[in-house]
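Please look at the chain shown below and keep the picture at hand while reading.

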Amino acid sequence: MSTQQQSPAWKALEVHQQALADTQMRDLFAQNPQRFAHFSLQVCDILFDYSKNRLTAETLALLQNLARASGLEMWRERMFNGAAINNTEKRAALHVALRNRSNRPILVDGKDVMPEVNTVLEKMRSFCQRVQEGEWLGHTGKPIESIVNIGIGGSDLGPKMVTEALQNFRHPRLHTYFDSNLDAAQLNRILSIVNPETTLFIVASKTFSTQETLTNARSARQWLLEHLQDETAVRKHFVAVSTHTQRVKEFGIDPQNMFEFWDWVGGRYSLWSAIGLSIAVTIGMDNYLRLLSGAHQMDEHFRTEPLERNMPVLLGLIGVWYSNFWNTSTQAILPYDYALKLLPFYLQQLEMESNGKRVTRDGVPVEYHTCPVVWGTAGNNGQHAYYQLLHQGTQLIPADFIVAIKSQAHKYGHQNPVLANALAQTRALMLGRNEAETRATLGDALDEEYLPHRLFPGNQPSNILMYDRLTPEILGSLIALYEHKVFVQSVCWGINPFDQWGVELGKQMAAELLPALEGEANVGSYDSSTQGLLAFIRGLR
């Protein structure tokens, strides 16, 4: 058994959960009319209502004891001070430095990283201004109208989610597209829309060797040259976000048009770095800095506030409560703000790539859940898809409802129905509907034979994160909130959230299988399934 489970703090929570096992949230509300006031918090213009959870003040105190026993305050300080807390890769995890709008010195190996961060931001500003003002001209002298970001993972999910969320801030002349999938169908669809004379490609790859990204980039390069018939056109239509100057030059990109970042920037935390170039050029550098400012405000709250009043800490500990003491295995993310329809996909990578680990920092196998399966879609759509499972299924599924009071498209007057649905769903999940209430509601229309089908057990937990209208600042704060939530949970689980070795094995095997698919390797060493699949593929070619 791991040291986490052996700790008195962990064992106290196990005992406490047994005491609460049969408690109904509707009773907790009845016993405490001030429950909302006691279990809500407002930070960075975001209201966090966590009153509809199976917890009491004692629960929170015990969870905070676990966080302290796990060393959360120490690990938090080490992260913000640039310590090499990513122990398996021997590097810092300093995404907070990228949005450090206070500009306070942050040291890595004794060197303040802020001057370099600010230099890259200024280079990004110059680039964005040239593109937005029509000064960056393509090979034939026409201004850029289409931006195509080519990346994968953190080089795609974050920029794509933010750019989609902040469409109301988009420059009116520019249209931004994202290509990530190795299946050429995605790239082909984009290339069928854009004009080669007015398209600029951003190739986002730290090493400039990622298979998916470079394959797509080479195909985009081929497409461009087929139309413009001049190798020098690449310099006017491609820029790079990378750390590998030589590979960028070999591709044909002018090193002056390469935007760098650092090894202490993890992929899924990289939208705050030059990887966010596609965001900045789409919404403008001033709005991009507003995004960074919102994240910085949440950083400062997380860094300085006590655990009892700390929004990321509370959100993270509530997740630990359900994963480890109620044995939940999934977490639903339900944005009632269509602008955030891609947020669940972004959080899938953030949470599952960070905390989907089976050993502690010291390499000891864990015997408890370390990460739920994260899923979800835009709220109202989900109501007509999987909410049946939430209301009457057999699993306990905690849900985060992310709710905008005002829509991005406010002129149509749809927002009151949206808000009514969001509030109703959290209320229905919490209250349910018992037999007496069902009889009173349905009256003579109730068919006794089907009574069990009309009952709702309720007692399903949810959080609400609510704000006025989505802005760059609020989005920045919201993303940083979830980043720090993930960090809090990693500390409680004793794992390293900043590496991702689990993505490597499949990549290595893919590289080994490629020659076999191209007929250049003996397949006899493979298992019978792989041999059979390769034979089937060859038979259809």
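What follows is a report on a predicted model, arranged by topic.

At one end, β1 and β2 run antiparallel and are joined by four bridges, with L41 standing opposite F48 in β2. These two strands form a hairpin with two residues between them, and in this hairpin C44 takes a positive phi near 55 degrees. Strand β2 is in turn joined to β13 by three bridges, again with the strands running antiparallel, and here L47 stands opposite M466 in β13. Strand β10, which covers residues 330-336, is instead parallel to β11, and three bridges join the two; in this pair T330 stands opposite V373 in β11.

## The five-stranded sheet

Another open sheet is formed by five strands in the order β6-β5-β7-β8-β9, and its pairing is parallel. The edge strands here are β6, residues 175-179, and β9, residues 258-259, each pairing on one side only. Two bridges pair strand β8, residues 238-241, with β9 in the parallel sense, and A240 stands opposite M258 in β9. Helix α10, residues 184-191, packs on this sheet and touches β5, β6 and β7, while its direction makes about 165 degrees with that of β6.

In soluble globular proteins, nonpolar side chains tend to be buried together. The largest nonpolar core of this model has 118 residues, and those with the most contacts inside it are M124, F127, W264 and L475. Helix α22, residues 472-493, supplies the largest share of this core, with 13 residues.

Which residues does M124 touch, leaving aside its neighbours within four places in sequence? M124 is in contact with F259, S273, A274, G276, L277, A280, M285 and Y288. There is also a second, separate core of 24 residues, which includes L224, L225, A233 and V234.

## A residue in a loop

R454 lies in the loop between α21, residues 435-442, and β13.

Leaving aside neighbours within four places in sequence, R454 is in contact with Q392, R433, T438, L442 and L446. H369 is 85 residues away from R454 along the chain, and the C-alpha atoms of these two residues are separated by 33 Å.

Rolling a probe the size of a water molecule over the atoms shows where empty space is left. The structure holds five cavities of 30 Å³ or more, and about 60 Å³ of space lies in the largest cavity. Among the residues that line the largest cavity are G319, Y322, S323, T330, Q331, K485 and Q489. The elements that give two or more residues to this lining are α16, β10 and α22, and α16 gives the most, with three residues.

The largest pocket holds about 950 Å³ of space. It is lined by 38 residues, of which T210, Q500, V503, E504 and K507 are the closest to its centre. Helices α11 (211-228), α17 (343-355) and α23 (504-517) each supply at least two residues of the lining of the largest pocket, and α23 gives the most, with four residues.

Methods
Residues numbered from 1 in each chain as written. Predicted model: local features only at pLDDT ≥ 70, side-chain atom pairs only at ≥ 80, totals over all residues. Heavy atoms only, no water. Pairing = 2+ DSSP bridges. Contact = heavy atoms within 4.5 Å. Core = buried A, V, L, I, M, F, W, Y, C linked by side-chain atoms within 4.5 Å. Buried < 20%, exposed > 50% of the residue type's maximum accessible area, 1.4 Å probe, protein only. 1 Å grid on protein atoms, 1.4 Å probe; cavity = no way out; pocket = protein on both sides within 12 Å on 5 of 7 lines; lining within 4 Å. Points joined across faces, edges and corners; volume = space filled by probe spheres on them. Axes fitted to C-alpha atoms, helices over the stretch in contact; angles between N-to-C directions.
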